[in-house]
Amino acid sequence: MASENILVNLEHARKSFGDTEVLKDISLTVEKGEVLAIIGPSGGGKSTLLRCCTLLETLDGGSLSFADVVVTTDDGSGAIYADKKTLAKARTHFGLVFQNFNLFPHYTVMKNLIDAPVSVQKKPKAEAEAKARELIVKMGLEGKDDMVPCELSGGQQQRVAIARALMLDPDVLFFDEPTSALDPELTKGVLKVIRGLAEEHMTMVIVTHEMAFARDVADHVIFMDGGVIVEQGPAKQVIENPQHSRTRAFLHSDS
Amino acid sequence: MINQFGADFLGLNGTLTLSSLLSQMGSGLVVTGQVFLITLLGSLPLGVLIALGRMSKIKPLAWLMRLYISFMRGTPLMLQLMALYYIPYYVFGIKLNLLNIDVQAFGGLMVNIPWVMTACCIGFILNYAAYFAEIYRGGIQSIPRGHYEAAEVLGYSKAQTFMKIVLPQVFKRILPAVGNEVITLVKDTSLCFVLALAEMFTIVKQIVAAQVSMVPFILAALVYWGFTMLVEFLLGRVEKHFDYYHD
Ligand SMILES: Nc1ncnc2c1ncn2[C@@H]1O[C@H](COP(=O)(O)OP(=O)(O)OP(=O)(O)O)[C@@H](O)[C@H]1O
Ligand SMILES: [Mg+2]
């Protein structure tokens, strides 16, 4: 059965902030090796969805699991979260790349990369460093090992942030608008890196405003508006031939 | 010869030579330095605990720390010192000279620490910790939420996040404000004169009264200034150490 390949399974997710319902019955699955792009207008709930998936926010209702790790269940009365230990285990399954990078400014590039593997996963330092050096090359950051984030461009910082997430070998990597804090020139470098990861079949969920990128790199696209999934399907189909009028309006206004 | 000339030049009357003035001031300066160092050693860490209590989710604790900080900052330090000094006697009926303690120093030497010294140090520690706590709180709250969130997703525990990610950044951010307080402390030690602790200002004040001369005040001003310049220099070195990044 295909379910063995399902890395993220979210069903009937609901989330409100006070009186505003931000997520209304969202369900999605992410299969191993899949790249899922989430697009939609501002305030549509994309970040909230990602934050709920990465346990930075708690769902009001719905069930969420990563492979065989069950984060929440819902028997109809609201989301019931698993214990702390299970949540910690779930966190080992995913990584998150933020819009504004959130690197640790007092650490060098190398230290940003190896600190979590060494102090959280208790990996030997030499092993972590070897892996970090590989990723530094892969991200096009040669020679930047000993620099601190403030000495790097935004694009370089974001590539360090991607490398930092990859250091922990996540099954799935979430991105929340990884390039919207960058100018077009720097955006290219970051998108190139993400494209490279897609070619290696890294499983990714990417919230983005880069439609051409979503069309070319993603397998599936979800269009979200007003806290619901308005339309979803194969990337090319949703972006080039949207069925829903809201999707069409969004894609036209955006480009 | 030089002393005599110095004394004439300074307008001191014959009973006090310059060298004796300087040696008395020197012994006062040692006490001033002791109060200064002991206060920092006590109040810098105590401030962390108070700040954490002040930000605690345990409401009564947060409330209590808030009250503490408000009281310590809202009443005169001089009054606090005097009250602390007399509390054992007026509240508990303990004769104050019973509170002088003998401590074995290095090399087996017995050193008597008078209650007035202990009281001054405790008073300064309790007062300065309140100020430091507020500085720490401001620093901790200035760290962007995103850093906590990045650490959380990477699997850091709460304690690891605080010790490895938050605290080092806080340290850099609060250095100027802490430096301000440290400089103020150099001069605030002179408040010990209300309890007649033999620190530099108390001694100088007595000499001024006995000698009817402003000169000791001028010398004392220069010594305090020199002391603060030393502190400024050291703070500059520490700041430089954290210069390797900005955010
Ligand atoms: N912590 C919060 N407290 C209250 N309301 C919030 C909070 N976070 C988000 N919201 C609200 O939830 C709604 C969805 O926000 P969200 O950030 O998920 O949208 P988005 O699709 O990511 O938008 P954008 O494209 O601008 O990033 C918005 O109306 C926002 O004001
Ligand atoms: Mg968003």
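At what distance does a backbone N or O atom of Gly43(A) lie from an oxygen atom of ligand 1? In this predicted model, local features require pLDDT of at least 70 and side-chain atom pairs count only at pLDDT 80 or more, whereas totals for chains, interfaces and linings use all residues. Residues are numbered from 1 along each chain as its sequence is written, chains are lettered from A and ligands numbered from 1 in the order in which they are written, and side-chain values use heavy atoms, with hydrogens and water left out.

The backbone atom of Gly43(A) is placed 2.8 Å from the ligand oxygen. An N or O atom in the side chain of Ser47(A) is 2.7 Å from an oxygen atom of ligand 1, and for a polar side-chain atom of Thr48(A) the corresponding distance is 2.5 Å. Of the 640 Å² of accessible area that ligand 1 has on its own (Shrake-Rupley method, 1.4 Å probe), the protein covers 58%. The shell around the ligand, taken as residues with a heavy atom within 4 Å, includes Phe17(A), Val22(A), Pro41(A), Lys46(A), Glu177(A) and His209(A). By class, this shell holds 3 nonpolar, 7 polar and 2 charged residues, where Ala, Val, Leu, Ile, Met, Phe, Trp, Tyr, Cys and Pro count as nonpolar, Asp, Glu, Lys and Arg as charged, and the others, Gly among them, as polar.

With 3 residues, helix H1 (residues 46-53) of chain A gives the most to the shell around ligand 1; helices (H or I, at least four residues) and strands (E, at least two) are DSSP runs numbered from the N terminus. Because 7 of the 8 residues of H1(A) are buried, this helix is largely enclosed by the rest of the structure, buried meaning under 20% relative accessible area with a 1.4 Å probe and protein chains only. Among the buried residues are Lys46(A) and Thr48(A). Leu55(A), which follows H1(A), has a positive phi near 65°.

Strand S7 (94-97) and helix H5 (154-166) of chain A, together with helix H6 (145-154) of chain B, each supply at least two lining residues.

Definitions and conventions:
A polar contact is a pair of N or O atoms within 3.5 Å; within protein, one must be able to donate a hydrogen and the other to accept it, and residues adjacent in sequence count only if both atoms are side-chain atoms. Buried means under 20% relative accessible area, exposed over 50%, partly exposed in between (1.4 Å probe, protein chains only).
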